[in-house]
Amino acid sequence: MLRNFKEEVFDILIQAGQSNSEGTGYGPADRPFEPDDRIFYLNGDDTISRAAEQVSGNAVRSDFSLSFAKNYVEKGLLRDGRKLLIVRSAVGGTGFLDRRWGLRDDLFLRMIEMSKTALCLHPSNRIVGLLWHQGETDADLGADRDGHYKRLWDLVEAVRSVFGSPDLPFLAGDFVEQWRKAGPQKADPVRAAMRDVCKNAGCAAFVETDGLASNDQQLGNGDTIHFSRNALAQLGERYFEAFYQLLA
């Protein structure tokens, strides 16, 4: 029998951006995510499934929303009778400069529609945060600080306006340390923009990533741009710690 999710009441997390948000972390995990009947994904095809790490061929890959969600539940932020729904709107290899995340672009509009779908499932559903990880594509395309600042600022303001939530928590994370240190001239302007948006937007935080390994550092596969599976679990914990501080 198909499950009727209109009978469930959800806290909603929007997870958006590109591949490190979509989840491309491989390798061993110190604490593999154990599926929880209180934590769900809203997928890109509008299906709802229990949140879980994904199997790609003979490997397991993860995303940082899973450890965030685990902490959200364990810290008692999920009230009795509610569940957590993660809007999985991130798509790898996308940015502002390639016309994917601007306010009239397809992925921004898709994120908004997916979030509206989540809200419409039940009148008591509510959006509790926007988790963003993006910028590698724009760095590769030569984004400057001021241009990236305006585009990201506009995105945050638009999401808050659409959903009538001027204090909706917004969190953005830094790049993989190995990757950004190999090309600071392209990474630093985008990092500065993200930091400044988080500083100025109110109810926002920039999440540091120093010490978090890449897939290359974990597996020796040459993939320096993506966090490893274990690092993504740690990244989700850092996102949650920053989120929790915003609520204090």
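Predicted model: local features only at pLDDT ≥ 70, side-chain atom pairs only at ≥ 80, totals over all residues.
Local features need pLDDT of at least 70, side-chain atom pairs count only at pLDDT 80 or more, and totals for chains, interfaces and linings use all residues. Residues are numbered from 1 along each chain as its sequence is written, and side-chain values use heavy atoms, with hydrogens and water left out.

Me: How much space lies in the largest pocket?
Reply: A pocket is an open set of points on a 1 Å grid over the protein atoms alone, where a 1.4 Å probe fits, with protein on both sides within 12 Å along at least five of seven lines. Its volume is the space filled by probe spheres set on the points, which are joined across faces, edges and corners. For the largest pocket that comes to about 260 Å³.

Me: Which residues are closest to the centre of the largest pocket?
Reply: Lining residues have an atom within 4 Å of a point. The largest pocket has 19 of them. Closest to its centre are Arg31, Ser67, Lys70, Ala233 and Glu237.

Me: Which element gives the largest share of the lining of the largest pocket?
Reply: Helices are DSSP runs (H or I, at least four residues), numbered from the N terminus. Two elements give two or more residues to this lining: α2 (65–74) and α9 (229–247). The largest share, six residues, comes from α9.

Me: How many charged residues are in the lining of the largest pocket?
Reply: Asp, Glu, Lys and Arg count as charged; Ala, Val, Leu, Ile, Met, Phe, Trp, Tyr, Cys and Pro as nonpolar; the others, Gly among them, as polar. The lining has six nonpolar and five polar residues. Its charged residues number eight.

Me: Why is α2 oblique to α9?
Reply: Axes are lines fitted to C-alpha atoms over the stretch in contact, and angles run from 0 to 180 degrees between N-to-C directions. Angles under 35 degrees count as roughly parallel, over 145 as roughly antiparallel, 65 to 115 as roughly perpendicular and the rest as oblique. The axes of α2 and α9 come within 7 Å and cross at roughly 45°. That angle makes the pair oblique.

Me: Which residues of α2 make the contact with α9?
Reply: Contact means heavy atoms within 4.5 Å. From α9 come Leu232, Ala233, Gly236, Glu237, Tyr239, Phe240 and Phe243. The α2 side is Ser67, Phe68, Asn71 and Tyr72.

Me: At what angle do the axes of α5 and α7 cross?
Reply: Helix α5 spans residues 145–162 and helix α7 residues 184–200. Their axes come within 8 Å. They cross at roughly 40°.

Me: Is α3 roughly parallel or oblique to α5?
Reply: The axes of α3 (residues 106–120) and α5 come within 12 Å and cross at roughly 25°. That makes α3, relative to α5, roughly parallel.

Me: Which residues in α5 meet α3?
Reply: From α3 come Phe108, Met111, Ile112 and Lys116. By class, the contact has seven nonpolar, no polar and one charged residues. The α5 residues are Leu155, Ala158, Val159 and Val162.
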